[in-house]
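How many disulfides does a search of the whole structure find?

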Amino acid sequence: VQLVESGGGSVQTGGSLRLSCAASGYTSRSSCMGWFRQAPGKEREGVARIDRNGITTYADSVKGRFTISQDNAKNTLYLQMNSLKPDDTAMYYCAADLFPLCRSWEDFYYWGQGTQVTVSS
C-alpha cells in the first residue's frame with residue numbers, strides 16, 4: 001500500500017491550494033481516508049476525513065475553508081484549502097484506515113510521506 005501526497009507549496013494569506021493523495025495497492029473508496037497536519041513543535045492533528053459513504057468530518061479550525069473529496073475512478077483523495085492562514089503552515093499527511101467507516105482520529109493505519117504547506121502573512 002502506498003499513499004503519495006502532492007500539491008503542497010508556498011502561498012500568501014488568503015490563498016488556496018489543493019492537495020492530492022494518490023493511493024496504490026489500496027482501494028481508497030472502501031475505507032475511511034483522512035488528512036492530517038503537523039507543524040514544527042506541535043502534535044499531529046486531524047484536519048479532515050471522509051468515509052466510504054461520503055460522510056465528512058472537519059477540525060473546527062478548518063471548517064468552512066477546507067473541503068475533502070475523493071475521485072474513486074482515480075483512487076485519489078483531495079483536500080481543497082481556501083482562505084489559508086499562517087496557522088495552516090504544516091506538513092500535511094494523507095492517511096487511510098482499515099475500515100469503511102471512520103472511527104477515531106487515532107485509528108488510521110497507512111500513511112503517506114507528507115507534503116509541505118507554507119502560508120506567509
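The link of Cys21 and Cys94 is left-handed, with -70° about the S-S bond. Cys21 lies in strand β3 (residues 17-24) and Cys94 in strand β9 (residues 90-96), so this pair ties together parts that are 73 residues apart in sequence. The model is predicted: local features need pLDDT of at least 70, side-chain atom pairs count only at pLDDT 80 or more, and totals for chains, interfaces and linings use all residues. Residues are numbered from 1 along each chain as its sequence is written, and side-chain values use heavy atoms, with hydrogens and water left out.

**Disulfides in the whole structure**
- The search finds two disulfides, a disulfide being a pair of cysteine sulfur atoms within 2.5 Å.
- With bonded cysteines counted along the chain, the pattern is 1-3, 2-4.

**Cys21 and Cys94**
- The sulfur atoms of Cys21 and Cys94 are 2.0 Å apart.
- Cys21 and Cys94 are both buried (buried means under 20% relative accessible area, exposed over 50%, partly exposed in between, with a 1.4 Å probe and protein chains only).
- Strands are DSSP runs of E with at least two residues, numbered from the N terminus.

**Cys32 and Cys102**
- Cys32 is joined to Cys102 by a disulfide, 2.0 Å from S to S.
- Cys32 lies in the loop between β3 and β4 (33-38) and Cys102 in the loop between β9 and β10 (110-111), so the pair ties together parts that are 70 residues apart in sequence.
- The torsion about the S-S bond of Cys32 and Cys102 is about 95°, so this disulfide is right-handed.
- Cys32 is buried, at a relative accessible area of 0%, whereas Cys102 is partly exposed, at 22%.

How values were computed
Helices (H or I, at least four residues) and strands (E, at least two) are DSSP runs, numbered from the N terminus.
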